[in-house]
Amino acid sequence: MTDLKLIALDPEDLEVISTHVQDAVVRVGDMGFARRDRRFAVLMNRFDWESDKPRAKGTRKRAALHFDGVQAVRSAGFDTNAHDGVLDLLAITFIPTDGPAGIVELSFAGGASVRLSVECLEARLADLGAAWAAKLKPQHALD
């Protein structure tokens, strides 16, 4: 299995990253904003949708995603102090505001979200090497 390394500099690139992290499991304590570095980072266990050797229930991989040029972070729908809380990532979108600036929204199951005000879109996703058999394969309604 090859480790995934992607960069997003525009909304179309971000759609590719969003597809690869759909159904990732994220601990609340594994998200953080380094205000001085203007970086928001997320560690996750992503479902390996692109695996060329899928197991019966698939594979999960440890991955890191970070956004640069972050000016502010807002969250809703979950307790940011519940560090052991678990969120299921559904999608990541970019909403342009002024010039290259905009809002990156991480949408989670149950209506939870994290919104990042960014100077411009710059995101990086990288697998960290660890992989294991998934307990369940995510299921989606076809409607």
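**Figure 1. Gly102 stands opposite Val118 of strand 9.** Strand 8 (residues 102-108) and strand 9 run antiparallel and are joined by six bridges; two strands count as paired if DSSP finds at least two bridges between them. Strands are DSSP runs (E, at least two residues), numbered from the N terminus. Four residues lie between the two strands of this hairpin, in which Gly110 takes a positive phi near 85 degrees. This is a predicted model, in which local features need pLDDT of at least 70 and side-chain atom pairs count only at pLDDT 80 or more, while totals for chains, interfaces and linings use all residues. Residues are numbered from 1 along each chain as its sequence is written, and side-chain values use heavy atoms, with hydrogens and water left out.

Figure 2. Five of the six residues in strand 9 are buried, that is, under 20% relative accessible area, with exposed meaning over 50% and partly exposed in between (1.4 Å probe, protein chains only). Ser117 itself has a relative accessible area of 17% and is therefore buried. Apart from neighbours within four places in sequence, Ser117 is in contact (heavy atoms within 4.5 Å) with Gly69, Val70, Gln71, Ala72, Arg74, Gly102 and Ile103. Strand 9 also pairs with strand 6, in the antiparallel sense and over six bridges. Within strand 9, Leu116 stands opposite Val73.

**Figure 3. Lining of the largest pocket.** A pocket is an open set of points on a 1 Å grid over the protein atoms alone, where a 1.4 Å probe fits, with protein on both sides within 12 Å along at least five of seven lines; lining residues have an atom within 4 Å of a point. The volume of the largest pocket is about 160 Å³, taken as the space filled by probe spheres set on the points, which are joined across faces, edges and corners. Its lining consists of Val28, Met31, Phe40, Val73, Arg74, Ser75, Phe78, Thr80, His83 and Val114. Strand 6 (residues 70-76) gives the most to this lining, with three residues. By class, six lining residues are nonpolar, three polar and one charged.

**Figure 4. The salt bridge between Asp3 and Lys61.** A salt bridge is a side-chain nitrogen of Lys or Arg within 4 Å of a carboxyl oxygen of Asp or Glu, and by this rule the count is 10. In the pair of Asp3 and Lys61, the closest N and O atoms are 3.9 Å apart. Asp3 lies in the segment before strand 1 (5-8) and Lys61 in strand 5 (residues 59-68), so the pair ties together parts that are 58 residues apart in sequence. Asp3 is partly exposed at 37% relative accessible area, whereas Lys61 is buried at 3%.

**Figure 5. The salt bridge between Glu119 and Arg38.** The N to O distance between these side chains is 2.8 Å. Glu119 is in the loop between strand 9 and strand 10 (123-133), and Arg38 in the loop between strand 3 (31-34) and strand 4 (39-47), 81 residues apart. Glu119 is partly exposed, with 32% relative accessibility, and Arg38 is partly exposed with a relative accessible area of 36%. Elsewhere, salt bridges that share partners join Asp3, Arg46, Asp48, Lys61 and Asp127 into one network.

Terms used
Nonpolar A, V, L, I, M, F, W, Y, C, P; charged D, E, K, R; others polar.
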